[in-house]
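My notes follow in the order I looked.

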Amino acid sequence: MKTHTLLLAALLAGCAGPSAGSLPPDESAELALYTAEQTLLGDAIYRGRVQRRGPDDGALFTYQRHVIVDGEHQVSSHLTLSEDDQSGVVLHQASHDAQYRVQWLRELHAQTGLVGTVDIADDGTATFEVSVDGSTRSRTETGDAPVQVGPTLFGFALAHWGELLGGDAVPLRFAVLKDLRTYRFVLELEATDAETTSFTMRASSPFVAAAVPAMRLTFDTDTHEVVRYEGAVPPFANEDGKLVEFEGRVDYTFLATQYL
């Protein structure tokens, strides 16, 4: 019980938002290059409009998915931009196979200055390394459920589409680099009709679930294109000069003929 209490306290404390920071010069230049030359990240798949969860109240950010495919292997990038598309905010790049099994994730976070990676071994062992303001931390974690990250989550749901529609609950571990750990979730069907199909992703631990609301992934039932995502998002809102976590709603416009 003491461990659960400490975990919940840490999660709730994190909701106040992290300290602002800046990327090292090389990573800052890299993020600026990708912002200016997004074709370097591969083919554009979709564009997302990021706002607070709920009714339309104006975009805070935009982001685009880009993919480079090499046979059964691909690198998927999510580039979050300022609302005017002029500045890069967050870059997530993940290497994975066609079934969205993750090999690694890399993150550059311009708001906090975080530079991090997680490498996933075949047995599910996750090795984290994160640097902020010149201070580097690392951690290794074992586990049995598959590790998922932002750029692979929708693909993971699509890879398990039949199981989810059949009523199965699919477990996963979601990697959070700033925490140097994964959190256990369960993905399951929420609702489906002729137009849309929605899945919910809930934390397995009731203590984590108390601090992290369920996420919702909504797809077009026929085309399997992503329609909307609701839940935690990588960028932070700026409120009176402070970075604050927020629950987001992302509405998607497809730029490709299918999801990759």
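I count two strands as paired if DSSP finds at least two bridges between them. The model I am reading is predicted.

**Entry 1: strand S17 and its partners**

I began with S17, which covers residues 247-254. What does S17 pair with on the S1 side, and over how many bridges? I found seven bridges between S17 and strand S1, residues 43-52, and the two run antiparallel. I noted two facing positions there. Gln-51 lies opposite Arg-249 of S17. Tyr-46 lies opposite Phe-254 of S17.

I then looked up S14, residues 226-232. Five bridges link S14 to S17, again in the antiparallel sense. Here Gly-231 faces Gly-248 of S17.

So S17 is bridged to S1 and also to S14, given my pairing rule of at least two bridges. I next checked how covered S17 is. Of its eight residues, six are buried, and I wrote the strand down as mostly covered.

**Entry 2: from S1 to S2**

I went back to S1 and looked for another partner. S1 also pairs with S2, antiparallel, over seven bridges.

**Entry 3: Thr-62**

I stayed on S2, residues 61-70, and picked Thr-62, which sits in this strand. Is Thr-62 buried or exposed? Its relative accessibility is 7%. The cut-off for buried is under 20%, so I logged Thr-62 as buried.

I listed what Thr-62 touches, leaving out residues up to four places away in sequence. Arg-47 and Gly-48 are among the contacts. The list also includes Leu-79, Thr-80, Leu-81, Ser-82, Glu-83 and Asp-85. Which of these did I follow up? I took Asp-85, as its side chain makes a polar contact of 2.5 Å with the side chain of Thr-62.

Last, I turned to the second largest pocket. Its space comes to about 240 Å³. I found 15 residues in the lining. Nearest the centre are Arg-101, Val-102, Ile-120, Ala-121 and Asp-122.

Which strands did I note as suppliers of the lining? Strand S5 (102-109) and strand S9 (147-148) each give at least two residues. I sorted the lining by residue class as well. Six of the residues are nonpolar, three are polar and six are charged.

Terms used:
Residues are numbered from 1 along each chain as its sequence is written. This is a predicted model: local features need pLDDT of at least 70, side-chain atom pairs count only at pLDDT 80 or more; totals for chains, interfaces and linings use all residues. Side-chain values use heavy atoms; hydrogens and water are left out. On a 1 Å grid over the protein atoms alone, a cavity is a set of points where a 1.4 Å probe fits but cannot get out, and a pocket is an open set with protein on both sides within 12 Å along at least five of seven lines; lining residues have an atom within 4 Å of a point. Grid points are joined across faces, edges and corners, and a volume is the space filled by probe spheres set on the points. Helices (H or I, at least four residues) and strands (E, at least two) are DSSP runs, numbered from the N terminus. Ala, Val, Leu, Ile, Met, Phe, Trp, Tyr, Cys and Pro count as nonpolar, Asp, Glu, Lys and Arg as charged, and the others, Gly among them, as polar. Buried means under 20% relative accessible area, exposed over 50%, partly exposed in between (1.4 Å probe, protein chains only). A polar contact is a pair of N or O atoms within 3.5 Å; within protein, one must be able to donate a hydrogen and the other to accept it, and residues adjacent in sequence count only if both atoms are side-chain atoms. Contact means heavy atoms within 4.5 Å.
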